Amino acid sequence: MDSIHIYGGVCLQGDVRIQGSKNAALPILAATLLTKGTNVICNCPRIADVYRMLDLLSSLGCLVVWEKDGVRINADNAGLHEMPGDAIRGMRSSLCLLGALLGRTGQVSMEHPGGCVIGARPVDLHLKALECLGAVFREEEGLIVGNAGTGLRGTHVALARPSVGATENALLAAVAAEGETCLSGAALEPEIEALCEYLRDCGAWIEGIGTSTLRIRGGRRLLGTRYRIPSDRIVAGTYLLGCLGTGGSVLLKQAPVEHMGAVIDLAERLGAECQQGREGLFVQAPRDLKPCGRIITAVYPGFPTDLQSVALVVETAAAGKCLVEERIFENRFRILEPLSRMGARVRQMDAGRVEVEGITPLRGCQVEARELRGGAALVVAGLMAEGETVLRGCEFIERGYENICRDFRELGARIYGV
Ligand code: UD1
């Protein structure tokens, strides 16, 4: 898709099914490297990042076949082979292969991963956790090269900060390590729970799932399994906020309501009615959005950084001033420039804080996505704006949304991709 065209000003109405979660799927796909036999990963989202991860797995020797409801993966013949550099650099989640490959082969060699340009995004916590488990790393011609010598050994791993990716890497290495690992300071994001559930279905012994201290008895034989990826809380949150920005009422089918507490809380503060039903989450936007004062991103169960830019866009339609504080990543306000051109009154106070002044009507114009979630936020801005918005840089959005145009069209929006 080259560009997205949006004719804004339509209230969203109707229902849409929420796709499987990107951030749950990627580490689980990497984890299949640790298993014998066949895995069927159901509800796996058909997004660019998943295709990249599957390319990486194929290059390592896995058998990968798409089926109607998911993807079948067999890693029996997988080993250390060269991986396509562009797939590694294209997404930060390729980092999960560090833990998975060390667990599988005792060795790893890969380029530095990429991902959205939202701050420094170092890898120190990943490497430290894996070093605790017995890996030794060196940098060789721009590659991260790791070796587990005589094998990974269970131990106490204390994360200095609850990094999602470092927790996943430590888990992957710990299920393969001999003996027991206690992983403290683990991230609480639901995607970690999904990874633990998948590994447990494969035969791993993990205790403390859903808490910040995980106990893992490693070295067990893991067998491929059938696992269903949970729905994507960030995609559901994007559509919920899109409904608030444009007015209207939507049913988000299969939305993972139990993991959307912070965004539902924001929606209610803005005056929306949210109701959980058998089919999913029903959202009714208020006639006028109420002022909400402040939005602060935090680790789960706090307000997700991945929805910060979408919330910031919606705040332009709420009366009064709102302070948006980004506390997870630096440099995550890249939409301010295009959004100002659309007419928003936004003022960056410092590296981590932006003041949004509402109510400011947005007007359509030509904008460009520079990262995944910011791109989705610009789509929402286009839906709220008067006139036509043309968005370029769609490849960023395709990293995480199966078909954002189709989904918003199902809710009545006038939007198409070319
Ligand atoms: C994951 C999500 C991403 C989400 C983020 C925070 C995936 C594929 N991505 O990213 O969508 O925005 O969680 O919820 O699941 N940090 C370090 N050193 C490290 C690792 C991280 O200092 O070695 C810092 C980061 O710079 C950042 C913070 O820790 O400031 C959080 O990062 P982390 O939780 O690791 O995010 P990701 O796993 O990259």
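**Close-up views of the predicted model**

**View 1. A nonpolar surface patch built from Tyr7, Tyr416 and Val418.** In this predicted model, the three residues together have about 260 Å² of accessible area. Val418 belongs to the segment that follows β23 (414-417).

**View 2. Strand β6 (residues 107-111) and its partner β8 (residues 143-147).** The two strands pair in the antiparallel sense, over five bridges. Gly146 of β8 is the residue opposite Val108.

**View 3. Helix α1 (residues 22-31) within the structure.** Nine of the 10 residues of α1 are buried, so the helix is largely enclosed by the rest of the structure. Among them are Lys22, Pro27, Ile28 and Leu29, together with Ala24 and Ala25. At the start of the helix, the backbone nitrogen of Asn23 has a side-chain oxygen of Ser21 within 3.4 Å.

View 4. Oxygen atoms of the ligand lie 2.6 Å from a polar side-chain atom of Ser163, 2.8 Å from a backbone N or O atom of Gly165 and 2.6 Å from a side-chain N or O atom of Asp306. On its own the ligand has 750 Å² of accessible area, of which the protein covers 88%.

Note on methods:
Residues are numbered from 1 along each chain as its sequence is written. This is a predicted model: local features need pLDDT of at least 70, side-chain atom pairs count only at pLDDT 80 or more; totals for chains, interfaces and linings use all residues. Side-chain values use heavy atoms; hydrogens and water are left out. Patches are made of residues with over 30% relative accessible area and no salt bridge: like charges are joined within 9 Å, nonpolar side chains (Val, Leu, Ile, Met, Phe, Trp, Tyr) within 5 Å. Accessible areas come from the Shrake-Rupley method with a 1.4 Å probe; for residues, only the protein chains shown count as cover. A salt bridge is a side-chain nitrogen of Lys or Arg within 4 Å of a carboxyl oxygen of Asp or Glu. Helices (H or I, at least four residues) and strands (E, at least two) are DSSP runs, numbered from the N terminus. Two strands pair if DSSP finds at least two bridges between them. Buried means under 20% relative accessible area, exposed over 50%, partly exposed in between (1.4 Å probe, protein chains only). A polar contact is a pair of N or O atoms within 3.5 Å; within protein, one must be able to donate a hydrogen and the other to accept it, and residues adjacent in sequence count only if both atoms are side-chain atoms.
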